[in-house]
Amino acid sequence: MSSEPGILRDPAVNSARKWNTDIPGILPHEKVFPIQIGTELFRLSGASISSDAPSYFSQFFQCQLKEAEEKNVDSSQIRTLYIDRDPVTFRDISLHLQGYHVTPRDGSHFVKLFADAQFYSLPRLISQLYEENIFISIGGRDFQIPRELFSDPGNSPNYFSLGFAVFFSTPTEVFPGLNREGLLRPPSIIPPSVPNRSADTFAQLLHLLRGYPLQIRDEHHRAELLRDCRYFHLKGLEQKLLRHSISFNLCRKREEITLRLEDVRQSGISVVGDTSATPPPESANAPAYNPPQSLVGYVNYARPFVDDHAYELVLEIGDECTRLHLSSMRCEFFSDGKARISRLFEVIATKLNLPTSQPLGLLMKKGGASSQPASPGNTPLSEDWVRCIIDENSFIRLDGKEWHGQIPEPDNSSVGSSASSVVGMEDAYGEPTRKRRRTDGSVIGAGEEKEVWVVRRGQWRLRVQNSRGRKSGVECVLVAVSLDAFAFERGRNAQRGFLAG
């Protein structure tokens, strides 16, 4: 005599069946229960209904069986459960109850399965849908995103794990703000969509998240990628896409990272002591000052979520926001550049445990908590005009030509270290700046400032050194690496481009 389908009669394999498909005995496994969904009748075994229970179905038929037992009537006379829902969606739910794995096909299919799983109170299906891929439409194109794609540091939490979680990842509150008592049916759910973003750009971000390289065509293309990285809160990917350069400087025997000022984040900043540096020489009239030698060093940087160690920072400051005063060797900053360099100095001071005017969490934010205006002079590390250094290793392009000015011996009467070299009295063209003739025929007098350069783009190292002239005993100095500057407006105009090309 053959065994019934799905029921193992051989005692030798009973334990294997129990281990593989241990279905609770909520309803009699062999009994068939009728369920009508919309216009379609489904007949499911007690084993199928019990496989994902307690549920709406199991509770309904448990009450039927209990009522028949109390009235001592035939339990085969079970009433059909009628539910006014979509039978097409329930076909997939019935497959799930019969032991098949059901995968949502798209966002619309996902929200239908999710809503009905909640309505029928199917705990196993609900749990499975919580772990499913993220289904979302971006720019009119459907995307299916594996959740593990956001496992890299810095990429979670993000727009999807936060926004998607409002409806699809919080079991305790599935429909926020909705009273579920007496609810006849779940509310309609629109599939998640972001219509105002580019589908092509997002597809490229997914390509990068999967570990594939992407050819960035130009800076406009990079800006599009970064803009959507910030929109979707993919911080780790954003750091990888930022324009930067990492190299090993064989002359200095150090690894360097070149980064723009606006791309620096406070969590990546550190100050590394320079054992080769020496403190500033003591003068006979100056009071003795012996600060810790460890405070002499350079600012280093590691991109958050990306770099496993820090590199010596070469800071690029552009946007034509810097004036270099050669007579005092000080940099004057303007506009956003002034605010950014001020916040950067505040963060460096905090890393050195120096008193600051703002809490660390607000230092790199625009505005901050201080009532003082943004200025390097409001930090413990500098005056309003930041001390700078131009030495024999600095490359300078002035008015479109390479500059070869002489650098005399440093003036020890000025406050600073022996590294604070100043440029000479003669410029690259051999003309004394004391009597340089203006283009309008007037002559710069000896009492006026000798020369001022406007730095179009500049790359600087940030040196933290001891200073007797500051209350904190420490100052941050900009050491010129490469400068593109102009001394006269004519030099600026020479580099202008016509709109017509």
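**View 1. The buried residues of helix H4.** Pro87, Thr89, Phe90, Asp92, Ile93, Ser94, His96 and Leu97 are the buried residues of H4. The model you're looking at is a predicted one. Helix H4 covers residues 87-97, and since eight of its eleven residues are buried, it is largely enclosed by the rest of the structure. What does the covering of the buried residues of H4 include? Part of the answer is a pair of strands, E1 (32-37) and E2 (40-45).

**View 2. Serine 50, tucked into helix H2.** Serine 50 lies in helix H2. Is serine 50 buried or exposed? With a relative accessible area of 1%, serine 50 is buried, because anything under 20% gets that label. Its side chain reaches the backbone nitrogen of leucine 27 at 3.1 Å. If you skip the neighbours within four places in sequence, the residues in contact with serine 50 are Ile23, Pro24, Ile26 and Leu27.

**View 3. An open sheet of three strands.** Read across this sheet and the strand order is E5-E4-E6, with mixed pairing. Strands E5 (141-145) and E6 (193-194) are the edges, each pairing on one side only. Strand E4 (residues 134-138) and E6 run parallel and are joined by two bridges. To find your place here, look for serine 137, which stands opposite serine 193 in E6. Then spot helix H9 (residues 199-209), which lies across E4 and E5 and runs at about 15 degrees to E5.

View 4. Glutamate 320 is partly exposed at 28% relative accessible area, whereas arginine 456 is buried at 16%.

**View 5. Arginine 457 meets aspartate 484.** These two side chains form a salt bridge with an N to O distance of 3.3 Å. Arginine 457 is in strand E17 and aspartate 484 in strand E18 (residues 474-486), so this is a link between distant parts of the chain, 27 residues apart. Arginine 457 is partly exposed, with a relative accessible area of 45%, but aspartate 484 is buried, at 10%. Elsewhere, salt bridges that share partners join Arg252, Arg254, Glu256, Glu312 and Arg461 into one network.

**View 6. Glutamate 262 and arginine 260.** Here's one more salt bridge, where the side chains of glutamate 262 and arginine 260 meet at 3.9 Å, N to O. Glutamate 262 counts as partly exposed, with 29% relative accessibility. Arginine 260 counts as partly exposed as well, at 25%.

How values were computed
Residues numbered from 1 in each chain as written. Predicted model: local features only at pLDDT ≥ 70, side-chain atom pairs only at ≥ 80, totals over all residues. Heavy atoms only, no water. Salt bridge = Lys/Arg side-chain N within 4 Å of Asp/Glu carboxyl O. Buried < 20%, exposed > 50% of the residue type's maximum accessible area, 1.4 Å probe, protein only. Helix = DSSP H or I, 4+ residues; strand = E, 2+ residues; numbered from the N terminus. Contact = heavy atoms within 4.5 Å. Polar contact = N/O pair within 3.5 Å; in protein donor to acceptor, adjacent residues only side chain to side chain. Pairing = 2+ DSSP bridges. Axes fitted to C-alpha atoms, helices over the stretch in contact; angles between N-to-C directions.
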